[in-house]
Structures are given as structure tokens and as C-alpha cells.
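Subject: Structure handover

Hello,

Please find the structure below, followed by notes on what was found in it.

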Amino acid sequence: MEMPSIGFGLWKVAAEDCRATIAEAVRAGYRHFDCAADYGNEAAVGEGIAAAIAEGLCRREDLWITSKLWNTFHAPEHVEAACRKSLDDLGLDYLDLYLIHFPIALAFVPIEERYPPEWIHDPAADNPVMQRASVPLHQTWAAMEALADKELVRNIGVSNYNSALIHDLMTYARIRPMTLQIEAHPYLTQDKLVRLAKDYGLQVTAFSPLGALSYVELDMAGAGDTVLNEPCVTSAAAAHDKTPAQVVLRWALQRGTSIIPKSTNPERMRENLAIDDFSLSEDEMAAISALNSNRRFNDPGVFCELAFDSFHPIYD
Ligand code: A2P
């Protein structure tokens with residue numbers, strides 16, 4: 001099965017909303033769901049998937065389900081247990097795609113102690129901080145390959161890797177990564193990284209394809225940071241009788257990236273899927289691409305220090 005180019009992102013969907021949101025998304029036509037242990041809602045997502053299948057809205061084999069290995073499970077001996085926990089929570093016997101969530105190895109926290117473990121090693125400590133683990137990424141990748149060998153996962157990939165890490169990965173990968181998932185939107189086009197990934201044959205999935213909108217509720221962006229008010233976006237929207245969000249999502253597809261927008265609003269869910277009936281011109285594409293200002297909203301080098309009192313840059 002090919003990965004549908006528009007997926008539904010489950011990050012920040014509250015557990016209590018997952019069941020209704022998934023039913024609504026499947027009804028709207030989504031078949032690709034982007035999950036992660038760290039989103040803290042996989043059990044609820046699993047209930048939503050099971051309910052959608054039981055209601056006859058779809059079959060398991062029609063769905064593309066992605067999940068991600070959390071940072072505390074990078075040591076090879078923890079990778080399979082972490083994957084099996086996601087499978088159990090999601091109610092699945094295989095994943096279509098399993099990604100290394102971040103190139104950041106953190107000290108192990110047992111599943112039965114705290115799940116998902118998140119970033120801070122011991123939240124009850126006097127000075128709660130992140131605790132690094134000394135695990136090289138090639139060891140984690142070998143354990144990911146073992147999951148594919150056991151057919152627990154059909155494809156493996158990486159997220160939040162930079163170009164140097166991709167070059168390195170390609171020197172040792174026995175099973176090639178299928179996908180690179182990265183933050184990408186008109187303010188952060190990452191042209192070189194996207195081009196490099198494609199040169200190596202990886203598909204690129206853009207998370208936060210609408211840019212700042214993902215981060216307003218987290219206080220990591222202001223409402224005024226949105227790309228949807230940019231004149232080149234609004235004028236293309238008017239010209240094609242589409243919304244600014246549809247123009248930005250279409251731009252992402254046309255530059256060859258998959259997208260995983262999230263919306264808990266049924267109307268916007270449908271809006272975000274209805275982008276295959278128009279094309280942006282070369283000039284419109286170029287104008288939107290020219291908005292790039294290398295503005296990254298999801299940067300561990302920033303938020304780990306602000307939120308976890310831990311300095312851990314990975315892109316600089
Ligand atoms: P909502 O769920 O209320 O629709 P992400 O980038 O993580 O996928 O988040 C997308 C953010 O943008 C969410 O806050 C979502 O809010 C909002 N959003 C999703 N689709 C649209 C749209 N078509 N128009 C405007 N805002 C949208």
C-alpha cells in the first residue's frame with residue numbers, strides 16, 4: 001500500500017476527542033493517521049480506529065498508520081517493547097510506518113513507571129531536567145530494522161533528522177528509510193534537506209504544514225505569525241476560489257511533500273482534503289516559496305531550555 005499523501009495528524013488531539021475525531025476523519029476520507037507514543041493518546045486513537053472499523057467505515061488494510069519511537073526508548077533493548085506498546089494501544093498487529101521521533105536519546109523510563117515518559121527524566125526531582133542517554137543512532141536504527149524483520153512494522157523512517165544525519169544513516173542502513181518527517185511550511189521550506197532526502201529516495205512528510213497555527217495553543221507562536229494572511233497566499237486563494245489554508249497545503253503537495261494537517265473541526269478536516277481539484281501556477285508556487293525565512297517553531301534547541309531547563313540543540 002502506498003502512503004496517502006494527505007494524512008491526519010493526531011498531535012494535540014485530546015484523548016477524549018479521539019474517538020469522534022477519527023470517525024469524522026474516516027468519514028471525510030482520511031485513511032492515513034499520523035500517531036506517536038509521545039502524543040499521549042494512542043489508546044484512545046486505537047478505540048477510534050476499532051470503532052470506525054466496527055461501524056464498517058473502513059477496513060484495517062485500507063488504513064495507513066504511522067507511529068513513532070520515543071526518545072527514552074532508543075537503546076536497542078527497549079525498541080521492540082516500545083513498538084509493541086504502541087501496537088497494543090492502537091489495537092493493531094502491525095504498523096505501516098514506524099519513525100525515530102527525534103535524533104535525541106534520553107535516559108530510559110520503564111513503561112510501567114510513566115507513560116508516555118515525555119522529556120523530563122524525573123518530574124518529582126528538585127530540579128526536573130532532561131537526562132541524556134549514550135546511545136548512538138545507528139544502534140537504534142538496527143533495532144528498528146529488526147522490527148521490520150519481525151513484520152511488526154512494514155516501513156521504517158526518521159523524523160527531525162538534518163542533512164548530516166541523513167548522509168550518515170544512508171551509510172549503514174540495511175533497510176532503507178522510507179520517510180523523513182520534518183517541520184515544513186512556507187516560512188521554513190528546508191529546500192536543501194527536502195532535495196537531499198529525495199535524492200536518497202526518501203519520501204518527505206511535512207508536519208505543521210500550516211506553520212504557526214500548530215503552535216499558538218502551545219504559546220510557541222502568536223496568532224499574528226500565521227502564513228494564511230500573506231498577500232501571495234490570499235490572492236492565490238481568491239484566484240482559485242479556495243481558502244488560504246488550502247493554498248498552503250496545495251503548495252506543500254506540489255513541491256512533492258506529503259502533509260499531515262490536524263483539525264478537530266469537521267469542516268476544516270474536509271477543507272484540508274479538498275485540494276486535488278486545482279493547481280498553483282509556477283509564479284504562485286515561487287511567491288509562496290519566497291516567504292521562507294527559516295522560521296522554525298518546533299526547535300528542541302529552544303523549547304527544551306524554556307520548558308525543561310535543558311539545553312539540547314539538534315539543528316545548529
Ligand atoms: P483546529 O483543530 O481547530 O482546526 P497542525 O499544524 O499541528 O496540524 O495544527 C493545525 C492547526 O491549524 C490547528 O490549530 C487547527 O485547528 C488549525 N487548522 C487546521 N486546518 C485549518 C484550516 N483549514 N484553516 C484554519 N486553521 C486550520
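A polar contact here is a pair of N or O atoms within 3.5 Å; within protein, one must be able to donate a hydrogen and the other to accept it, and residues adjacent in sequence count only if both atoms are side-chain atoms. The model is predicted, so local features need pLDDT of at least 70 and side-chain atom pairs count only at pLDDT 80 or more, while totals for chains, interfaces and linings use all residues. Residues are numbered from 1 along each chain as its sequence is written, and side-chain values use heavy atoms, with hydrogens and water left out.

Ligand site. An N or O atom in the side chain of K12 is 3.3 Å from an oxygen atom of the ligand. For R268, the distance from a side-chain N or O atom to a ligand oxygen is 2.6 Å. N272 places a polar side-chain atom 2.8 Å from a ligand nitrogen. There are 15 residues around the ligand (a heavy atom within 4 Å), and the nearest are S214, K262, S263, R268 and N272.

Sheet. The 8 strands make an open, parallel sheet in the order β1-β2-β3-β4-β5-β6-β7-β8. Strands are DSSP runs of E of at least two residues, helices runs of H or I of at least four, numbered from the N terminus; two strands pair if DSSP finds at least two bridges between them. Because β1 (8-9) and β8 (258-259) each have a single partner strand, one side of each is left without a neighbour in the sheet. β1 pairs with β2 (residues 32-34) over 2 bridges, and F8 has F33 as its bridge partner in β2.

Cores. A nonpolar core is a set of buried Ala, Val, Leu, Ile, Met, Phe, Trp, Tyr and Cys residues joined through side-chain atoms within 4.5 Å; buried means under 20% relative accessible area (1.4 Å probe, protein chains only). The largest has 89 residues, and F33 and W119 have the most contacts inside it. A second, separate core of 6 residues includes F207, A221, I260 and F297.

K242. This residue is in the loop between α8 (231-240) and α9 (244-254). K242 is buried, with a relative accessible area of 17%. Its side chain makes a polar contact of 2.9 Å with that of D277.

Helix α12 (residues 300-308). P300, G301, F303, C304 and F308 are buried in α12. At its start, a side-chain oxygen of D299 comes within 2.8 Å of the backbone nitrogen of G301.

Regards

Conventions:
Buried < 20%, exposed > 50% of the residue type's maximum accessible area, 1.4 Å probe, protein only.
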